[in-house]
Amino acid sequence: MPFTAIAANQAKPKSKAYKLAVEKGLYLQVMPNGSKYWRLKYRFGGKEKVLALGVHPETNLKLAREKREEARKLLSNGIDPSDVKRAQKAYQCEAAGNSFQAIALEWFARKMADKSQGHQNRTMRALEKDLFPMIGSHPIGDITPPQLLAALRRIESRGAVETAYRAKQTAGQIFRYAVATGRAERDPSHDLKGALAIHKKKHLAAITDPKEVGKLLMAIDQYIGTPTVKAALQLSPLLFQRPGEIRQMEWAEIDWDKEQWELPAEKMKMGQPHIVPLSKQSLDILQDIQRLNGNRRYVFPSARGASRPLSENGVRTALRTMGYDNDTMTPHGFRAMARTILDEVLGFRPDHIEHQLAHAVRDPNGRAYNRTKHLDQRRKMMQSWADYLNSLKLEASTSNVVAGKFKGSA
């Protein structure tokens with residue numbers, strides 16, 4: 001009577017392991033704990049051997065028979081199926097160690113350690129969300145340009161063209177690292193030039209008209225929201241640092257004696273420590289919010305838990321509440337506001353402005369300025385900037401009062 005799938009399913013464990021013969025050397029071994037294993041008994045080189053073909057029920061009777069036939073074909077050609085299985089297992093282990101994901105994580109640990117925390121988080125998020133699911137398990141040396149393109153097109157299809165370009169750049173760095181360390185022969189991202197949709201860089205919206213700046217500052221002072229978000233809003237134009245740097249500001253970074261905010265290298269996009277002189281206005285805001293948040297790590301802690309900083313949408317949402325959408329003003333726009341007005345209206349030196357923005361600024365010999373370069377001049381610039389913003393706010397307030405009087409007498 002032929003062996004059936006039902007017989008395999010109904011086989012019960014006994015006190016000792018036993019075998020149920022199928023045919024042509026194939027049998028099912030039933031263990032005392034109830035586990036069931038498909039095995040093939042065969043002879044090679046005058047010796048009896050056993051080949052494992054899978055575990056029931058993951059490997060069913062039909063699949064077990066197919067694996068047996070594959071093994072018999074190898075035997076008919078003078079090849080030991082056990083040797084083939086060992087070679088396949090070795091290849092899989094090597095491939096796992098040389099997978100895109102394994103090498104990407106190695107690259108990340110070696111090459112991203114000196115980057116800012118924000119940059120590290122963005123890069124890891126792109127890897128885990130967009131690249132690993134598509135090509136992470138592939139041996140890096142086997143990945144073809146079309147396979148990489150498919151992963152990038154998946155990002156592109158959700159409208160994230162800029163993210164697709166960044167993912168392509170990151171993948172290229174990983175492939176080149178693999179080439180340099182002998183795990184790949186070439187970088188397939190080079191072949192994808194022109195394959196993605198044309199990316200038109202959209203400049204982040206910013207208000208640079210002094211009159212409109214005054215109105216914005218008035219709106220910030222009148223903002224009805226949490227004191228933490230309001231303080232972050234008030235400091236954003238005064239300090240004009242990157243939004244992520246402001247929301248992750250820590251009390252330990254404030255030097256009250258020197259009246260400056262000292263950012264460590266690991267928090268900065270350029271990977272260099274940075275100093276932001278604090279104007280009298282900035283210090284007043286910090287002292288006010290210190291009464292509320294002074295016992296926390298972050299100056300602007302999250303409402304969801306003091307161990308986390310304010311969310312990246314905190315200031316953006318507040319701006320929208322005040323009537324400023326993404327096409328009018330963004331949290332990053334305070335940097336463009338300061339850069340434009342400090343240069344074109346107040347006439348400060350561009351290198352002082354760029355240095356205060358924490359951009360890469362080099363001296364005539366090509367050397368990067370250190371964080372204390374022109375600090376006295378920058379300190380004066382930051383106080384002048386704060387005073388100027390106060391004057392714009394006063395003008396806007398006066399204009400509103402005058403307009404209100406005319407409207408009342410009409």
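Glu23 counts as partly exposed, at 27% relative accessibility. That value, like the others I will give, comes from a predicted model. Glu23 sits in strand S1, which covers residues 18-23. What does Glu23 form a salt bridge with? The partner is Arg65, and the closest N and O atoms are 3.1 Å apart. Arg65 belongs to helix H2, residues 61-76, so this pair links distant parts of the chain, 42 residues apart. Arg65 is partly exposed too, with a relative accessible area of 26%.

Over the whole structure, a search finds 22 salt bridges. I will go through two others.

One is in helix H7, residues 161-180. There the side chains of Arg166 and Glu162 meet in a salt bridge, 3.1 Å from N to O. Why are these two separated by about one helical turn? Because they are four residues apart in the helix. Arg166 is partly exposed, at 40% relative accessible area, and Glu162 is partly exposed as well, at 41%.

The other one joins Glu250 and Arg297, with 3.2 Å between the closest N and O atoms. Both residues are in loops: Glu250 between helix H10 (243-247) and S5, Arg297 between helix H11 (280-293) and strand S8 (301-302). Is Glu250 buried or exposed? Glu250 is buried, with a relative accessible area of 13%; the cut-off for buried is under 20%.

Strand S5 brings us to the sheet. Please look at the three strands in the order S5-S6-S7, which make an open sheet with antiparallel pairing. S5 (254-255) and S7 stand at the edges, and each has a single partner strand, so one side of each has no neighbour in the sheet.

Now the pairing of S6 with S7. S6 runs over residues 260-263, and its antiparallel pairing with S7 has four bridges. Which residue of S7 is the bridge partner of Gln260? That is Pro277. Trp261, for its part, stands opposite Val276.

Stay with S7, residues 274-277, for the side chains. In a regular strand, side chains alternate between the two faces of the sheet. In S7, His274 and Val276 point one way, while Ile275 and Pro277 point the other way. All four are buried.

Last, a residue from another part of the chain. Where is Arg339 found? Arg339 is in helix H13, which covers residues 333-344. At 30% relative accessibility, Arg339 is partly exposed. Leaving aside neighbours within four places in sequence, Arg339 is in contact with Ile353, Glu354, Leu357 and His359.

Technical notes
Residues numbered from 1 in each chain as written. Predicted model: local features only at pLDDT ≥ 70, side-chain atom pairs only at ≥ 80, totals over all residues. Heavy atoms only, no water. Buried < 20%, exposed > 50% of the residue type's maximum accessible area, 1.4 Å probe, protein only. Pairing = 2+ DSSP bridges. Salt bridge = Lys/Arg side-chain N within 4 Å of Asp/Glu carboxyl O. Contact = heavy atoms within 4.5 Å.
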